[in-house]
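Please brief me on this two-chain model.

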Amino acid sequence: MSDPTTSAEPSPGAEESTDTELREKLARQDAEILRLRDLLISKDVELGAAKGRLAELDDRSARLASLAARIENRVPGFGRLVGAAVRAMRSQRR
Amino acid sequence: MAAPRFSILTPVYETPAEVLRKTLRSVRRQSYGDWELCLVDDGSRQPQVRALLEKAAAEDARIRVEHRAQNGGIVEASNDALAMARGEFVALLDHDDELHPDALALVAEALEANPEADYLYTDEDKIDGRGRHSAAFFKPDWSPERMRTQMYTCHLSVLRRSLVEEVGGFDPGLAGAQDWDLVLKVTERARAIVHVPRVLYHWRMLDSSAASAAEAKPWAFEAGRRAVQAHCERIGLPAEVELDGADPGVLHLQPKLERQPPVSIVIPTGGQVRDVRFEPVVLIANCVRSIIERSSYENYEIVVVVDEGIDPETIEELRAIAGERLRIVEFEGEFDFSAKVNRGVVQSRGEHVLLLNDDIEVTAPEWLQRMVMYSEREEIGVVGGRLVWGDGRLQHVGVSFENGLPGHLYRGFAGDFPGYMNAVLIARNCLAVTGACLMTRRDVFQEVGGLTTEFPVNFNDVDYCLKVHRSGRRIVYDPDLILYHFESSSRSPEVEKWEFELLTERWRRFAAVDPFGNPNLHRGVPRLSAPLAWARRRLPRPLRLAGSRRG
């Protein structure tokens, strides 16, 4: 009768192949991590470009808001008048 | 100073009658009277051109006309017009453009305030066939570095005639860029150069005019490149001039150094760790590695000023990366950026000192050559570049001043944002650049007393640049010096009120008005009122009459 503990142990050849498999698996995972990181970086750059456009638009809208506030200070109700005019023009177009 | 006489030089060739009428009318409507219009018909075949010119000359004694027997091109005709000139100054007007009614009056006023001015230029805009104004170009005051990468002064240009003749007039070998060449030559010798920040010239967009399409005159761009190349050779600037691939109106200077003076890169650090491209890195190690791996410059040392208590492993890592180039300087005491930098500079040996933040990453091999190219020049005191965040957005493209307070131009805008009139893409002068990447000469650093410890955290770089500016030297922004700056984009500058107050108190006189801005711009973007700048009311009557003198 064979010793179960002994027989359950992998042979030296099997150990080597498991080790190789593990290394290969790790290498694949490393490559995948690098690929995902590169993807993340490229997405971050895309996001950066979008944020940059947003910053440009923000800058423009801040200037418009500041101008509107200055006009409103001098001509109270100016904003409402412009709003009404825009709505009237839109309804005419329809 | 007696009111000057202006000779307006206008070569004419096959100009549509209606357009020519408008051009002539804009001259005759000048509120300033002492001018002469030197018209040279460059062999136009259309009979109405000759008829119109003769009629104008018959109606006004100040208009003189010459007819060339055959077409000789813009340069020949311009030189003929120059030969006709008798005024103290020549003003260049194209045959299809228009002058603002107060153009000459305002230039004369500027001359009265600056009698030594040899060259004056104004802002300009474009007009279409229906007379609608657009695309105003609000220019900075004289910016020699900008002039080497963009013909920004363009119209209206007024030059002292004696100097124009001294440099030989318009160069026939540079047709299409003869005005750029002439302005470069004149400004190389000018005693003073004056910018009149008013839209006084209207450039008509015709199908054939360079104003309407960059492709209309491709040969003109190549001539511009050659004109700037020749200028660099004349003034001893070691650079090769190249056209921009996308926009031929923009030039790039590639450094061609004959020697490599020693450069000391001084980097203060606390050994911080931050995420760079989604990985935690020791910033100083990343910075030094990028310098060592990417620089093609040979003659430099790296002086790292470290806080006490920095991880010894970081020091070991730096030694492993930089070897003999590295010098470690220890700094003890409370946080004081200025004191750290000053300590590092004192311990360094280079002729040029580059202040660098530890969260910078070098991208291009010739980055040091690029800065040394400018820093070697006596008249330049500081050089900075274009810094971008990790996601490509703009972090720094020069500092502008508004009401005496500094701010980063286009901060957070997309990386491909060209800026107003390509401000991001061209070399420029400004009042300050960020200390995150700032090259200066050792003698300049010593002369102005280094970074002031009055500003231990913020504004020490701005204060330094303003000291250099006050010493009469220029601050240069180089668009082709591109570096990553892994400063957190969400970080608040956290400037204290006392820092603002101290800065304005120290620099009220010098920074109240940014000479490299324009009254019609706010932080590098046209104000909402700017589209009406061309229509500003005319001068009050007494001013208009001043200097009126019939020729």
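This is a predicted model: local features need pLDDT of at least 70, side-chain atom pairs count only at pLDDT 80 or more; totals for chains, interfaces and linings use all residues.

Residues are numbered from 1 along each chain as its sequence is written, and chains are lettered from A and ligands numbered from 1 in the order in which they are written.

- Chain A has three helices and zero strands. Helices (H or I, at least four residues) and strands (E, at least two) are DSSP runs, numbered from the N terminus.
- Read from the N terminus, the order of elements in chain A is α-α-α.
- Buried residues account for 2% of the 94 residues in chain A. A residue is buried if 20 or more other C-beta atoms lie within 10 Å of its own, exposed if 12 or fewer, and partly exposed in between; C-beta atoms are placed from the backbone.
- Asp59(A) sits in helix α2 (residues 12–74) of chain A. Asp59(A) counts as partly exposed, because it has 17 C-beta neighbours inside 10 Å.
- Asp59(A) and Leu81(A) are 22 residues apart in sequence. In space, Asp59(A) and Leu81(A) are 25 Å apart, C-alpha to C-alpha.
- How many residues of chain A are in contact with chain B? There are 16, and they meet 13 residues of chain B. Contact here means that the C-beta atoms of two residues, placed from the backbone, lie within 7 Å.
- The side of chain A that touches chain B divides into seven nonpolar, two polar and seven charged residues. Ala, Val, Leu, Ile, Met, Phe, Trp, Tyr, Cys and Pro count as nonpolar, Asp, Glu, Lys and Arg as charged, and the others, Gly among them, as polar.

**Helix pairs in chain B**

- Two packed helices are described by the angle between their axes and the distance between the axes. Axes are lines fitted to C-alpha atoms, for helices over the stretch in contact, and angles run from 0 to 180 degrees between N-to-C directions.
- Helix α1 (residues 17–28) and helix α2 (residues 47–59) of chain B have axes that come within 10 Å and cross at roughly 20 degrees. That makes α1(B) roughly parallel to α2(B). Angles under 35 degrees count as roughly parallel, over 145 as roughly antiparallel, 65 to 115 as roughly perpendicular and the rest as oblique.
- In α1(B), Ala17(B), Leu20(B), Arg21(B) and Leu24(B) meet Gln48(B), Val49(B), Leu52(B) and Ala56(B) of α2(B). The residues of this contact are six nonpolar, one polar and one charged.
- Helix α7 (residues 178–189) and helix α8 (residues 218–235) of chain B have axes that come within 9 Å and cross at roughly 15 degrees. That makes α7(B) roughly parallel to α8(B).
- From α7(B), Trp180(B), Asp181(B), Leu184(B) and Glu188(B) meet Gly224(B), Ala227(B), His231(B), Arg234(B) and Ile235(B) of α8(B). This contact divides into four nonpolar, two polar and three charged residues.

- The largest nonpolar core has 166 residues. Ile265(B), Val266(B), Leu431(B) and Cys465(B) touch the most other members. Helix α4 (residues 103–113) of chain B gives the most to this core, with seven residues.
- A nonpolar core is a set of buried Ala, Val, Leu, Ile, Met, Phe, Trp, Tyr and Cys residues joined through C-beta atoms within 7 Å.
- Leaving aside neighbours within four places in sequence, Val266(B) has contacts including Val303(B), Val341(B), Ser348(B) and Leu356(B).
- Helix α12 (residues 367–375) of chain B is largely enclosed by the rest of the structure, because nine of its nine residues are buried. Among them are Trp367(B), Arg370(B) and Tyr374(B).
- In helix α3 (residues 74–84) of chain B, the buried residues include Ile74(B), Asp80(B) and Leu82(B). Cover for the buried residues of α3(B) includes β1 (6–12), β4 (89–92) and α7 of chain B.

**Backbone spots to check in chain B**

- His155(B) and Leu156(B) are joined by a cis peptide bond, with omega about -10 degrees. Leu156(B) lies in the loop between α5 (144–147) and β8 (157–160).
- Phe278(B) has phi near 65 degrees, a positive value in a residue other than glycine. Phe278(B) is exposed, with 11 other C-beta atoms within 10 Å.
- Arg523(B) has phi near 50 degrees, also a positive value in a residue other than glycine. Its place is the loop between β26 (521–522) and β27 (525–526) of chain B.
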